[in-house]
Amino acid sequence: MAYHDSLTGTFNRTFFKNEIKNIDKEDNLPISVIMGDVNGLKLTNDAFGHLMGDKLLITAANVMKKVCRENDIIVRWGGDEFIIILPKTKGKYAENLCKRINEECKKEFIEAVNLSISLGYSTKYSIQQDIMKVITDSEDMMYSIKMLESKSQKSKTLKIIIETLYERSKQDVEHSKNVSRLCKLIGETLELSLKEVSELEILGDIHDVGKIGVSLNILNKTTQLTEADWIEVKRHSEIGYRIVSATNEFSFLGDAILAHHEWYNGSGYPNGLKGEKIHKMARILAIADAYDAMISYRPYRKSKTKEEAINELIKYKGIQFDSDLVDLFVNKVINKI
């Protein structure tokens, strides 16, 4: 009882403090650590009561017990935080374990609340490394991912701007959701890390935030845009860059937002960047953005079919788009949509 959490049945922090010295030995290297934070616990407690919040924590612990191996050590670290100690485990296994936990969470609902856990990991390969620093590194990664996954963590100013944009232009709501989903699929197909996939997902969601600075008449125009209209529209990537760069949470996405209308051959805007000088996330976003724009309804033009949009992407390989990313999208991603 002294070593176990009475609610979840996992080990508690007292166990960790007393036993970590026995775990942190050369025979157990590499030692991986996963830090997890159950999302929405306070909201669940406030809205549905603490019994519901307890169910959320119990379910989270049960998911981790189900996915983890017999010798893995699950510890309830704090109110809504858990850590998993993985002796003799490389970082790649820890990353895959995070993915499996996330997949299992998608299947779990407590009443109407879907279980969600933000996860970060780090690995100790040398006995000289401080195990507490490894835990801190996993916690830092977890908080970074949590910030990206949770809309409640967005800057209030940015959230207001996005909501205002969506109120002004309804078509941008669906477009952003679609682009976010496509970016996520591309990132997963590229086998990027959990953190990078989360960053791509949020990038897709906010990539057009700069349209807040574009005239409402142009955004909702039902006829072809004029040359003057296009000059104003093209300002949105720079406006978006300035908005996002001003927020602590998402400033690292600024360069990708600025460059998502650059062309691979250097003829795009705003800076005429060429090839791999264009941020990789921007090259991924450009394909997701263009594909959804082509198949979506616009009042001033007919939408393309899925096949027509694919043919356009292929036609502009090496011109507007990164050839390798187009091939990946056409051959591996499109069938997942």
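These legends describe views of a predicted model.

**View 1. The whole chain.**
The predicted chain holds 15 helices and six strands. Its C-alpha trace spans about 75 × 45 × 35 Å along the principal axes. Of the 337 residues, 50% count as buried. Take the contacts between residues at least 6 apart in sequence: 65% of them join residues at least 24 apart.

**View 2. Helix 14 and its buried face.**
Helix 14 covers residues 306-315. Ala 309, Ile 310 and Leu 313 are its buried residues. Seen down the helix axis, the buried residues fall within an arc of 100 degrees, so they line one face of helix 14. These buried residues pack against helix 13 (280-295) and helix 15 (323-333).

**View 3. The other side of helix 14.**
Glu 307 and Lys 315 lie on this side. Both residues are exposed.

**View 4. Helix 8 crossing helix 13.**
Two packed helices are described by the angle between their axes and the distance between the axes. Here, the axes of helix 8 (residues 194-206) and helix 13 come within 11 Å. They cross at roughly 55 degrees. The crossing of helix 8 past helix 13 is right-handed.

**View 5. Residues at the contact of helix 8 with helix 13.**
Helix 8 contributes Glu 199, Leu 200, Leu 203 and Gly 204. Helix 13 contributes Met 281, Ile 284 and Leu 285. By class, the contact residues are five nonpolar, one polar and one charged. Gly counts as polar in this division.

Methods:
Residues are numbered from 1 along each chain as its sequence is written. This is a predicted model: local features need pLDDT of at least 70, side-chain atom pairs count only at pLDDT 80 or more; totals for chains, interfaces and linings use all residues. Side-chain values use heavy atoms; hydrogens and water are left out. Buried means under 20% relative accessible area, exposed over 50%, partly exposed in between (1.4 Å probe, protein chains only). Helices (H or I, at least four residues) and strands (E, at least two) are DSSP runs, numbered from the N terminus. The arc is that of the directions from the helix axis to the C-beta atoms. Contact means heavy atoms within 4.5 Å. Axes are lines fitted to C-alpha atoms, for helices over the stretch in contact, and angles run from 0 to 180 degrees between N-to-C directions. A crossing is left-handed if the near helix is turned anticlockwise from the far one by less than a right angle, and right-handed if clockwise.
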